[in-house]
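Work through the exercises below with the structure open beside you. Try each task before you read its solution.

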Amino acid sequence: MKRLILLFSLLGLISSCQKETQTIYNQVFESDDPLRPELMKKAQETFQSVTPREYRPNPYEKVELGKMLYFDTRLSKNGNISCNSCHNLDTYGVDNLATSPGDTYELGGRNSPTTLYAYMHKQQFWDGRAKDVEEQAGMPILNPVEHNIPSEEFLVERLKTIPEYVEKFAQVYGEQTHETLTFDHIGDAIGAFERRLNPRSRFDDYLDGDDSKLSALEKEGLTIFMEEGCTTCHSGVALGGGMIQKFGIYEDYWTLTGSEKIDNGLYDITKRESDRYFFKSPSLRNIEKTYPYFHDGSVDSLGNAVQIMAQTQLGKKLDDAKVDKIVAFLKSLTAAPDPKVIAIK
């Protein structure tokens, strides 16, 4: 009886602590605290830290299965590439190439975006044709220029010859359905792993209330970033990834990027003239490390990319000092993935 009383007392204490923590969180982020710097208040209204971010809960076994698939070259027909080949987690989820070679070494048509924070985006791919990372994961596998797998059945039958996969898929999906190793479950598991790729940056610490995490120069850059209108497309938790926008509102993008090919963007899917040159606004998290920039990887310099965006999207020519300060702020978004999350056992 005494043990039961002690157990209930402990549960009550835990519940009380959780409520107190939530109350403190609400006070810090939802009240008009006069002690918070004005710039921080504006930033917290515009952006969001990864700290309270809700993600689809996935069991450890599914995440580990997704990790195994992410790094496995057997997900390409000839075994030449894995997901990690184009989205290398040792280099912030990209390969730093303008366009990436596929299973037959043919180059893809667009730059490979980072998989870090990708699940936070409203849609996937440069043209937004996939609704989430689970759907996106299966598409490159069947693309003849990318993984080159001829059909869903081809890959499923290949993986069924590998006892470890048969066992792991049964373990993860056995209670849900009779058929455990399916193409949809392959994408679902990869997506579960990608939903763990959300490392904290110094800017997250700043948004969580630590004013010391940004330097004076970075704060100047943040101020300029917001005042010049960059937050129209780059706000929220991912600082982007939330809309499809025309690239080249005030000037044709290719005149400034020097693009060898004029990509029509969303128009290639819809064939609507109003969608010509529309692309997803990318996340700016880890932008320091995910060069080259834009849908075709046509620009290597982050400073040049900032200036091009100001001219094409805002109709402004920023002076070098402003560009340098914005770049300084953007570097506060750099965060490497947790080695424990991406380590291969």
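The protein chain has an accessible surface of about 17,500 Å², and 53% of it belongs to carbon and sulfur atoms. Accessible areas come from the Shrake-Rupley method with a 1.4 Å probe; for residues, only the protein chains shown count as cover. The model is predicted: local features need pLDDT of at least 70, side-chain atom pairs count only at pLDDT 80 or more, and totals for chains, interfaces and linings use all residues. Residues are numbered from 1 along each chain as its sequence is written, and side-chain values use heavy atoms, leaving out hydrogens and water.

The chain holds 15 helices and two strands. Helices (H or I, at least four residues) and strands (E, at least two) are DSSP runs, numbered from the N terminus.

## Exercise 1

Task: Find out how many residues of helix α3 (residues 60-70) are buried.

Solution: 
- Step 1. Go along α3. Lys62, Val63, Glu64, Leu65, Gly66, Lys67, Leu69 and Tyr70 are buried.
- Step 2. Conclude. Eight of the 11 residues are buried, so α3 is largely enclosed by the rest of the structure.
- Step 3. Look for the neighbours. The buried residues of α3 pack against α4 (83-86), α6, α7 (163-173), α8 (183-194) and α15 (339-342).

## Exercise 2

Task: Classify Lys331 as buried, partly exposed or exposed, and name the residues that it touches.

Solution: 
- Step 1. Locate Lys331. It lies in helix α14 (residues 320-331).
- Step 2. Read its accessibility. The value is 40%, so Lys331 counts as partly exposed.
- Step 3. List the contacts (heavy atoms within 4.5 Å). Leaving out residues up to four places away in sequence, Lys331 touches Arg202 and Glu288.
- Step 4. Compare sequence with space. Lys331 and Asn286 are 45 residues apart in sequence, yet 7.3 Å apart C-alpha to C-alpha.

## Exercise 3

Task: Is Lys271 buried or exposed, and is Phe294 buried or exposed?

Solution: 
- Step 1. Recall the background. Most residues other than glycine have a negative phi, and most peptide bonds are trans.
- Step 2. Take Lys271. Its phi is positive, about 65°. It sits in the loop between α12 (267-270) and β2. At 55% relative accessibility, Lys271 is exposed.
- Step 3. Take Phe294. Its phi is also positive, near 75°. Phe294 lies in the loop between β2 and α13. At 11% relative accessibility, Phe294 is buried.
- Step 4. Check the peptide bond from Tyr291 to Pro292. This bond is cis, with omega near -5°.

Technical notes: Buried < 20%, exposed > 50% of the residue type's maximum accessible area, 1.4 Å probe, protein only.
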